[in-house]
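This report looks at how the chains of one model meet, and at a few residues inside them. Please keep the structure in view while reading.

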Amino acid sequence: MDVTFIIDILGTLAFAISGALTAMKKQLDPFGIFIIAIVTALGGGTLRDLLIDAPIVWMRDLTYIYVIGVATLLAVIFRERLNYIRKSLFLFDTIGIGLYTIIGVEKGIEADFPPLICIALGTMSACFGGVIRDILCTEIPIIFRKNVYATACILGGAVYFVLLYTKLPNVAIVAISGGTVVLIRILAVTFNISLPNIYKKEIVK
Amino acid sequence: MDVTFIIDILGTLAFAISGALTAMKKQLDPFGIFIIAIVTALGGGTLRDLLIDAPIVWMRDLTYIYVIGVATLLAVIFRERLNYIRKSLFLFDTIGIGLYTIIGVEKGIEADFPPLICIALGTMSACFGGVIRDILCTEIPIIFRKNVYATACILGGAVYFVLLYTKLPNVAIVAISGGTVVLIRILAVTFNISLPNIYKKEIVK
Amino acid sequence: MDVTFIIDILGTLAFAISGALTAMKKQLDPFGIFIIAIVTALGGGTLRDLLIDAPIVWMRDLTYIYVIGVATLLAVIFRERLNYIRKSLFLFDTIGIGLYTIIGVEKGIEADFPPLICIALGTMSACFGGVIRDILCTEIPIIFRKNVYATACILGGAVYFVLLYTKLPNVAIVAISGGTVVLIRILAVTFNISLPNIYKKEIVK
C-alpha cells in the first residue's frame, strides 16, 4: 500500500461524501445518494477514459465502489454532524483534486496527447465528476461559477509540464505540481479569491 | 422470431412511449419528442456499451429505431387516450426492465467483469435511459427519488448470480431472475412500497 | 488551406461564440464561458466519435481549441456589441451546421453504418453541441422546442444519399447537400417556419 494509493482512496472518499451531501440536500433516496456519490467520485475519470479510449479502472478494481459505499453510509448516518468535520473533508477533497489532476495529466502523456490536452484531461479528471453531479441534481455546475477549483488544476498541470524540462525525478515533479494544485486552492479559499467578475450589475438576467 | 426478441421489442415500445409522454408534458416539438423517445429506449444500453467498449446494437440493426418511430407516432396520435392503456404500458415497461437488466448482466459476464459491475451494468441498461430522459427535460431523475425501479433491477441481477451456482439451465436462470425484477416492481407498485425515507420533515430544503 | 478547412474554422468560431453568449446570459465566470464554448463547438462531433469509436480530432489537432479560445475572448470583450454582428454570426453558424452535417454523414459512411444512422450522425454532429450547452446551463435544449435547425440537417443528409445514386462528383454532392441545410435553415428563419404545434392551448403544463 503506497502513499499514492492511500491518497487516491482518501480523495475518492472525500469526493463521494461531497456527492452524497449534495444528493441529500436535494432529498434523494438512498439509491439516488449512492449513484450521485459514485458519479461525483468516478465521473471525471470515466469521461477522461472514454475520451482517450482507455479501460475504465473502477470496472475492474472494486475497491473504489466499496469505498464509495462506505462513504455513502457514513454520510447518511452522520449527515447532521458532517459540519464538524468540514475542514478535514476540505483537506481530503483538495488533496484528491491535486492527485486526480496529476493522474489525468500522466494518462494523457502516456497516450501521447499534446500538453494542452493533457492538462485538460487532468482538469477533467479532477472536476467533471462534480459537473455531472450538479447536472444530475439540475444545478448549473458550481465550477462554472466559482472556478478557482478548475484554475488550480490547470495551473498545477502547467507546472507539471514546466518541470518536465528540469532533470527532477518523477516523484518530485508529481509532488510539486500536485502540491501547486493544493496550495492554490487553499490560498483561494482562505483569501476568498475568485476569477474576475466580468458582469456589471445591470446585466443580471 | 423468438420470445426474447418479441419482449425486447415490446420493452423498447413501452420505453419509447414513456419517453414521448414525458416529452409531451414538456411541450416539446415532434423532433424533440422523437429524440427523447430514442434516448429513453436506447440511452441505458448505449451508455453500457460505451463503458464496456462494445459495439452499439441499434447503430447496426435499425429495427429499434423503426419501433421507436412507430411508438412516437402512436404516442402523439393517441396522446389523449394513453391513460386508458396505462396498465398495458406498465406491464410492457416492467417486462422490458426485467429483460434489459438480464441483457446487461449477461453482456457484463461475457466481457468478464466482476459480478457487482455486471449487476450495475444490468441496472444501467434498464434505468439510465430514463435518467437521460429526465436530464434532457431538466428534471431530477425520478429513479433517484422513487427507486424501487432500480432496486428491483439490482435484486434481479443478484438472483442471477446466485442461480449461476445451481445447475439450472440458462433459460431458467434468465426466466427466474428476470421474473424477480418484474415481480418486485409489481409488488412495490401494488403495495406502494419504497425505500426508507431518511429525511426528517425539518430538513426540507 | 482549402475551402472546407476555412468553413470548418468559421463554423467552430460561430458555434463557440453562440456558446459563450449563452454562458454569459447565465453569468458564468470566464472558465465556465470557455468550457461552454468548447462543448458547444466540439460536443456534437465528440459524441459522434464516441458512438462510432473513432479518434477524437480536437484531441490531436489543437487548432480547434485555439480558435475557441479566440472566440471566447472576442465574445467576452465585445459582449455588448455582438448584436451588431448577429447576422454575420447567423451566417457562419448556418454554414457551420451545413458543413458539420456533411462531415458527420461522411464519417458514418466511412464506418459503414446504414444511411439512416449516417443521417443521425450528421444531425448529431451539427446539433448536439447545442444540446449539451443547454443541459449544462440547465435549459431544456432549444432544438427540442424549435427544431427547424435539426430538420434542416436531416433533410440535407437525406439529399446527400439521394445524390449518391447520381453520377455527380463528390464535391458537387457535398455542395448541394450542405447547401440544402443552409437554404432550409435560412428559409425557415426568414419566413418563421417551424414544425407543426401538436399542443392545444389547454394542455399547457
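The model is predicted.

**Annotated spans in chain A**

An unreviewed UniProt entry places the feature "transmembrane region" at residues 6-24, 31-51, 57-77, 89-107, 113-136, 148-165 and 171-195 of chain A. Two of these spans can be set against the model. Residues 31-51 of chain A are 100% helix and 0% strand. The end C-alpha atoms of residues 31-51 are 28 Å apart. Residues 57-77 of chain A are 71% helix and 0% strand. For residues 57-77, the end C-alpha atoms lie 28 Å apart.

The size of an interface is often given as the accessible area lost when the parts come together. The table lists that area for both contacts.

| Chains | Buried area | Part on carbon and sulfur atoms |
|---|---|---|
| Chain A and chain C | about 2,700 Å² | 70% |
| Chain B and chain C | about 2,600 Å² | 70% |

Take chain A and chain C. The contact takes 34 residues from chain A and 30 residues from chain C. On the chain A side, Phe144(A), Ile198(A) and Tyr199(A) lose the most area to chain C. Together these three give 26% of what that side buries. Salt bridges between chain A and chain C number zero. Three residue pairs are in polar contact between chain A and chain C, both residues at pLDDT 80 or more. On the side of chain A that touches chain C, the elements that give two or more residues are α2, α5 (115-136) and α6 (148-164) of chain A. Of the elements, α5(A) gives the most, with seven residues. By class, that side of chain A has 24 nonpolar, three polar and seven charged residues.

Now chain B and chain C. Here 30 residues come from chain B and 34 residues from chain C. In chain B, the most area is lost to chain C by Gln27(B), Phe31(B) and Met59(B). Together they make up 25% of what the chain B side buries. The count of salt bridges between chain B and chain C is zero. The count of residue pairs in polar contact is three, both residues at pLDDT 80 or more. Elements of chain B that give two or more residues to the side that touches chain C are α1 (3-25), α2, α3 (63-77) and α5 (115-136). Most come from α2(B), with eight residues. The residues on this side of chain B divide into 19 nonpolar, four polar and seven charged.

Leu50(A) is placed in helix α2 (residues 30-51) of chain A. Its relative accessible area is 16%, so Leu50(A) is buried. Beyond its neighbours within four places in sequence, Leu50(A) is in contact with Ile56(A), Leu50(B), Leu51(B) and Leu50(C).

Asp49(B) lies in helix α2 (residues 30-51) of chain B. Asp49(B) counts as buried because its relative accessibility is 2%. Neighbours within four places in sequence aside, Asp49(B) is in contact with Ala54(B), Pro55(B), Ile56(B), Val57(B) and Lys107(B). Gly108(B) is 59 residues from Asp49(B) along the chain, and their C-alpha atoms are separated by 9.7 Å.

Thr94(A) belongs to helix α4 (residues 86-110) of chain A. Its relative accessibility is 0%, so Thr94(A) counts as buried. Not counting residues up to four places away in sequence, Thr94(A) touches Val182(A), Arg185(A) and Ile186(A).

How values were computed. Residues are numbered from 1 along each chain as its sequence is written. Chains are lettered from A and ligands numbered from 1 in the order in which they are written. This is a predicted model: local features need pLDDT of at least 70, side-chain atom pairs count only at pLDDT 80 or more; totals for chains, interfaces and linings use all residues. Side-chain values use heavy atoms; hydrogens and water are left out. Helices (H or I, at least four residues) and strands (E, at least two) are DSSP runs, numbered from the N terminus. Buried means under 20% relative accessible area, exposed over 50%, partly exposed in between (1.4 Å probe, protein chains only). Contact means heavy atoms within 4.5 Å. UniProt positions are given in the numbering used here, feature names are shortened, and annotations may be inferred rather than shown by experiment. Buried area is the accessible area (1.4 Å probe) that two parts lose on being put together, summed over both. A salt bridge is a side-chain nitrogen of Lys or Arg within 4 Å of a carboxyl oxygen of Asp or Glu. A polar contact is a pair of N or O atoms within 3.5 Å; within protein, one must be able to donate a hydrogen and the other to accept it, and residues adjacent in sequence count only if both atoms are side-chain atoms. Ala, Val, Leu, Ile, Met, Phe, Trp, Tyr, Cys and Pro count as nonpolar, Asp, Glu, Lys and Arg as charged, and the others, Gly among them, as polar.
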